[in-house]
Amino acid sequence: AMALLHLLSLLLLCPEPALAGDPFAYFDWEVTYQSARPLGVAQKVIAINGQFPGPPLNVTTNWNVVVNGRNDLDEPLLLTWHGLQHRKTPWQDGVAGTNCPIPAGWNWTYQFQVKDQVGSFFYSPSAAPLHRAAGGYGGIVVNNRDVIPIPFPFPDGGDLTLFIGDWYVRSHKDLRRSLDSGAPLGPPDGVLVNGLGPYRYNA
């Protein structure tokens, strides 16, 4: 009974409970080449944890995001977090000049805190020219905290991440060599939606 009275007196003296720190979200990513046929022609794509496009980052404002990325490609890799403004760690933005690329066979841990910017963003590789033309990209969803209402209704069916982009059947290295020699790339061979080409190629 005395312990209970002592606890109640402490609560009365300290009416505001101590708050825990902002949550952490941890992601382990292995970036590799993977064989795919999005337009019916076998080619190497850049996959993250075996996924093309890569796995989504689904986080909430004020969360601390920790992404440990292992580069199993044969050239340096740099992941850029497009549109995100980082709290406390702007040098973790994955932009050349503020971050160094991850050498082949090495890993690097990105750590940053997302700000109060609710919405959809994306990440992609940015170190080597035309890496993004081979994949390595994915979606980022930043949800609102309960204490910060959003000024629009939630979508009825939930969020849907959609990536639409040009695609070439030549590898990103072949495309790079073409540009380095002064030759234009020409029109793309097709358009992918979330890494998939026309239905007949998706079996």
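Is Arg177 buried, partly exposed or exposed? In this predicted model, Arg177 is exposed, with a relative accessible area of 52%. The label follows from the cut-off, because exposed means over 50%. Arg177 also takes part in a salt bridge. Its partner is Asp174, and the N to O distance between the two side chains is 2.3 Å. Asp174 is partly exposed, at 30% relative accessibility. Both residues belong to helix α2. They stand three residues apart, which is about one turn of the helix.

Helix α2 spans residues 172-180 and also holds Arg176. This residue forms a salt bridge with Glu75. The closest N and O atoms of the pair are 3.2 Å apart. Glu75 sits in the loop between β4 and β5. The two partners are 101 residues apart, so the bridge links distant parts of the chain. Arg176 is buried, with a relative accessible area of 16%. Glu75 is buried as well, at 12% relative accessibility. Both count as buried because their values are under 20%.

The structure holds four salt bridges in total. Another of them joins the side chains of Arg70 and Asp72, with an N to O distance of 3.0 Å. Arg70 has a relative accessible area of 37% and is partly exposed. Asp72 is partly exposed too, at 27% relative accessibility.

Attention now turns to the nonpolar residues. In soluble globular proteins, nonpolar side chains tend to be buried together. The largest nonpolar core of this model has 26 residues. Those with the most contacts inside this core are Phe27, Trp29, Val67, Trp81, Leu84, Tyr110 and Ile140. The elements that give two or more residues include β1 (24-36), β2 (43-48), β3 (57-60) and β4 (64-71). Also among them are β5 (79-82), β7 (107-114), β8 (119-125) and β9 (138-143). The largest share, five residues, comes from β1.

A second core is separate and has eight residues. Among its members are Leu39, Tyr137, Trp167 and Leu192.

Key:
Residues numbered from 1 in each chain as written. Predicted model: local features only at pLDDT ≥ 70, side-chain atom pairs only at ≥ 80, totals over all residues. Heavy atoms only, no water. Core = buried A, V, L, I, M, F, W, Y, C linked by side-chain atoms within 4.5 Å. Buried < 20%, exposed > 50% of the residue type's maximum accessible area, 1.4 Å probe, protein only. Helix = DSSP H or I, 4+ residues; strand = E, 2+ residues; numbered from the N terminus.
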